[in-house]
Amino acid sequence: MSGVTIKTKVHFGCGQRSKKQMRTGAQPPPVARRLPRVAKLMALAVRFEGLLNDGVVANQAELATLGHVSRARVTQIMNLLNLAPDIQEELLFLPPVEQGKDTLTERDLRAIVAVADWRK
């Protein structure tokens, strides 16, 4: 009995509707990209503002309780809304971090958000 043997590399990837799909060839290296933390915090501040405006939560103290963080931390996050809208938009669309630490942190912005005058 003689048979034919074919050897090839395969890997599994996500197909339609997150179903695993077998693909030929070597598996591509994982992309180690992530959103900057300040972009996530800016989005969280916008979300918190929406929850407050819609009446889902009564105040920032309730947000702190639900999020298991201090009221001061919620205030720090909400202070990002003191930035001009165009700066907020830039923060939301910062490019992903390839590796290492973020170039811009929320702590770096604290002095800027303390000034409520957008012209400065």
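In which helix does Val-38 lie?

Analyst: Val-38 lies in helix α1. Keep in mind that this is a predicted model. With a relative accessible area of 1%, Val-38 is buried, since anything under 20% counts as such. Leaving out residues up to four places away in sequence, Val-38 touches Leu-91, Leu-94, Asp-102, Leu-104, Thr-105, Glu-106 and Leu-109. For a sense of distance, take Arg-73: Val-38 and Arg-73 sit 35 residues apart in sequence, and their C-alpha atoms are 14 Å apart in space.

Now to the helix pair that Val-38 belongs to. The axes of α1 and α4 are 8 Å apart, and the two helices pack at an angle of about 125 degrees. On the α1 side, the contact uses Val-38, Ala-39, Met-42 and Ala-43, while α4 brings Gln-88, Leu-91 and Leu-92. Sorted by class, the residues in this contact of α1 with α4 are 6 nonpolar, 1 polar and no charged.

Gln-88 deserves a stop of its own. This residue is part of helix α4, which spans residues 85-92. Its relative accessibility is 14%, so Gln-88 counts as buried. Setting aside residues up to four places away in sequence, Gln-88 touches Met-42, Leu-80, Leu-81 and Leu-83.

Follow that to Leu-80. Apart from neighbours within four places in sequence, Leu-80 is in contact with Leu-41, Met-42, Gln-88, Leu-109 and Val-113. Leu-109 also turned up among the residues that Val-38 touches.

The largest nonpolar core has 18 residues, and the members that touch the most others are Met-42, Phe-48, Leu-63, Leu-80 and Leu-91. At least two residues of this core come from each of α1 (37-54), α2 (60-67), α3 (71-78) and α5 (106-113). The biggest share is from α1, which gives 6 residues.

From α1, the contact takes in Arg-37, Leu-41, Leu-44, Ala-45, Phe-48, Glu-49 and Leu-52, and from α3 it takes in Arg-73, Ile-77 and Met-78. By class, this contact of α1 with α3 holds 7 nonpolar, no polar and 3 charged residues.

Finally, α3 also packs with α2. The angle between α2 and α3 is about 110 degrees, with 8 Å between their axes. That makes α2 roughly perpendicular to α3. The crossing of α2 past α3 is right-handed. In α2, Gln-60, Ala-61, Leu-63 and Ala-64 meet Arg-71, Val-74, Thr-75 and Met-78 in α3.

Note on methods
Residues are numbered from 1 along each chain as its sequence is written. This is a predicted model: local features need pLDDT of at least 70, side-chain atom pairs count only at pLDDT 80 or more; totals for chains, interfaces and linings use all residues. Side-chain values use heavy atoms; hydrogens and water are left out. A nonpolar core is a set of buried Ala, Val, Leu, Ile, Met, Phe, Trp, Tyr and Cys residues joined through side-chain atoms within 4.5 Å. Buried means under 20% relative accessible area, exposed over 50%, partly exposed in between (1.4 Å probe, protein chains only). Helices (H or I, at least four residues) and strands (E, at least two) are DSSP runs, numbered from the N terminus. Contact means heavy atoms within 4.5 Å. Axes are lines fitted to C-alpha atoms, for helices over the stretch in contact, and angles run from 0 to 180 degrees between N-to-C directions. Angles under 35 degrees count as roughly parallel, over 145 as roughly antiparallel, 65 to 115 as roughly perpendicular and the rest as oblique. A crossing is left-handed if the near helix is turned anticlockwise from the far one by less than a right angle, and right-handed if clockwise. Ala, Val, Leu, Ile, Met, Phe, Trp, Tyr, Cys and Pro count as nonpolar, Asp, Glu, Lys and Arg as charged, and the others, Gly among them, as polar.
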